[in-house]
Amino acid sequence: MEYFLTEQQKTIKNLARKIAEEKILPVRAELDEKEEFPWDIMKVLAHTDMFRVFIPEEYGGLGGGCLDLCLVVEELSRACSGVAVSYAAVALGTIPLLMYGTEEQKRKYLPDIASGERLAAFALTESTAGSDAGAIKTTAERVSEGYVLNGTKQFITNGGEAEIYTVIALTDKARGARGASAILVEKGTPGFSFGRKEKKLGIRASATRELVFEDCLVPKENVIGKEGMGFIVTMKLFDNSRPGIGAQAVGVAQGALEAAVDYARERVQFGHPIISLQAVQHMLADMAIQVEAARALVYAAARTVDSGAKNISEESAMAKVFASDIAMKVTTDAMQIFGGVGYMRDYPIEKMFRDAKITQIYEGTNQVLRNVIAFELRKRKARTE
Ligand SMILES: Cc1cc2nc3c(=O)[nH]c(=O)nc-3n(C[C@H](O)[C@H](O)[C@H](O)COP(=O)(O)OP(=O)(O)OC[C@H]3O[C@@H](n4cnc5c(N)ncnc54)[C@H](O)[C@@H]3O)c2cc1C
């Protein structure tokens, strides 16, 4: 399929694929097994300017947008989704700054993120506030010197490894969700520590940790946007970032499809390679159709983000839901084609199957995102009545 990428986008995509094949493929099983954060690969991504992709040129970036980011995430995920999400979570922590940061905040943080010197993360979820994000309890009390944070964030990607955290906390408890603000907190700030590191089913190279705030004082200049805008920042962030989860899903599905084709060519049963069986051929054909359809939707949603269009919640949610459901289906079918060995750790399929699942869960579960899409449909119906 021709996606009419710019020369820069083609260069970025090819470079990401080269890094994935040369640096990630050889170590992905080990990273998964040891549940080890991929620092060596993060350094390679930094040296090859991959963190510059989504940062504007005036802050040391390459000036790319959502599609550029998706191309990198897809290629990294084709080799290892754990590495891909560690990279993508840096963008997640940074996009609020790009959208709503002051010039001073951008000059302070973006050049270091662009160079890969400092990783970023985004922290919303708490033990009692997942899909119901408005139920967060972490507070950021205004005092004369700034804000004092108290509370615990759960399941934070890049937790402990990142240096810069965008944290959603209540600056006005009485106003509930309308009293939340997005606040930058740097690693090393007194009162900011890390809790348990989660042991996960998949994306095991990525770090998922608790963030603990105990009377953690941050300067008042660290608020992104205005006080009370925390959930607007969050919703706009997710509209921008969900195609990236779609890209992660497309990448892992593409990796599984390619592995299944290779295996079906080699595996001989009843005297012939199993790829000569029509039952297997049709499975592979369906997998290829599904991956390409998901890619087309993800790229279209990413281009909608890059167009600057205002209400993109529906397109973004559709891309994430469709691509992640496809990733789960394609990795499941790929395992079926591998038969018994697909279930074993000697082959990459069981890792891809485990890695695919999370794309249906984070940045809005697929059920919650179907609510978002249905909400937009209902609004549209009301307009035509
Ligand atoms: C590996 C991993 C990494 C993560 N990284 C981050 C991160 O970097 N930053 C961050 O802030 N968070 C992160 N999260 C949190 C993630 O976004 C949440 O887990 C997710 O939003 C779902 O919330 P929950 O787990 O509390 O599930 P719940 O909200 O408890 O949902 C449980 C079930 O109920 C369903 N449900 C709930 N409400 C509705 C509804 N209204 N309609 C229909 N169904 C509903 C859900 O779809 C789901 O099936 C991460 C999670 C994981 C597992």
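This is a predicted model: local features need pLDDT of at least 70, side-chain atom pairs count only at pLDDT 80 or more; totals for chains, interfaces and linings use all residues.
**Entry 1**

I looked up helix α3 (residues 39–47) and α5 first. Their axes come within 11 Å and cross at roughly 55 degrees. That makes α3 and α5 oblique to each other, and I noted the crossing as right-handed. On the α3 side I found Ile 41, Met 42 and Leu 45 in the contact, and on the α5 side Val 83, Ser 86 and Tyr 87. By class I have five nonpolar residues, one polar and no charged ones.

**Entry 2: α5 against α6**

Next I followed α5 (residues 81–100) to its packing with helix α6 (residues 103–115). The axes of α5 and α6 come within 11 Å, and I read a crossing of roughly 155 degrees. Angles over 145 degrees count as roughly antiparallel, and α5 and α6 are therefore roughly antiparallel to each other. The crossing of α5 past α6 is left-handed. From α5, I listed Val 90, Thr 94, Leu 97 and Leu 98 in the contact; from α6, Gln 105, Lys 106, Tyr 109, Leu 110 and Ile 113. I sorted them as six nonpolar, two polar and one charged.

**Entry 3: α7 against α8**

Then I turned to α7 (230–266) and helix α8 (residues 278–306). I got an angle of about 160 degrees for this pair, with the axes 9 Å apart. So α7 and α8 are also roughly antiparallel to each other, and their crossing is left-handed. In total I have 18 nonpolar, three polar and two charged residues in the contact of α7 with α8.

**Entry 4: is α10 buried or exposed?**

I checked helix α10 (residues 349–357) residue by residue. Seven of its nine residues are buried, so α10 is largely enclosed by the rest of the structure. The buried ones are Ile 349, Glu 350, Lys 351, Met 352, Arg 354, Asp 355 and Ala 356. I wanted to know what covers them, and the cover includes α2 (28–34), α4 (66–79), α5, α7 and α9 (313–338).

**Entry 5: Glu 314**

While in α9, I stopped at Glu 314, which sits in that helix. Glu 314 has a relative accessible area of 8%. Buried means under 20%, so I put Glu 314 down as buried. Which residues does Glu 314 contact, leaving aside neighbours within four places in sequence? I found Ile 373, Glu 376, Leu 377 and Arg 380.

**Entry 6: the whole chain**

Last, I stepped back. I counted 11 helices and 10 strands in the chain. The radius of gyration is 21 Å, close to the 21 Å that the globule rule gives for 385 residues, so the chain is as compact as a globular protein of that length. Along the principal axes, its C-alpha atoms fill a box of roughly 80 × 55 × 40 Å. I noted 54% of the 385 residues as buried. Of the contacts with a separation of 6 or more, 74% join residues 24 or more positions apart.

Definitions and conventions:
Residues are numbered from 1 along each chain as its sequence is written. Side-chain values use heavy atoms; hydrogens and water are left out. Axes are lines fitted to C-alpha atoms, for helices over the stretch in contact, and angles run from 0 to 180 degrees between N-to-C directions. Helices (H or I, at least four residues) and strands (E, at least two) are DSSP runs, numbered from the N terminus. Angles under 35 degrees count as roughly parallel, over 145 as roughly antiparallel, 65 to 115 as roughly perpendicular and the rest as oblique. A crossing is left-handed if the near helix is turned anticlockwise from the far one by less than a right angle, and right-handed if clockwise. Contact means heavy atoms within 4.5 Å. Ala, Val, Leu, Ile, Met, Phe, Trp, Tyr, Cys and Pro count as nonpolar, Asp, Glu, Lys and Arg as charged, and the others, Gly among them, as polar. Buried means under 20% relative accessible area, exposed over 50%, partly exposed in between (1.4 Å probe, protein chains only). The radius of gyration is taken over C-alpha atoms; the globule rule is 2.2 Å times the number of residues to the power 0.38.
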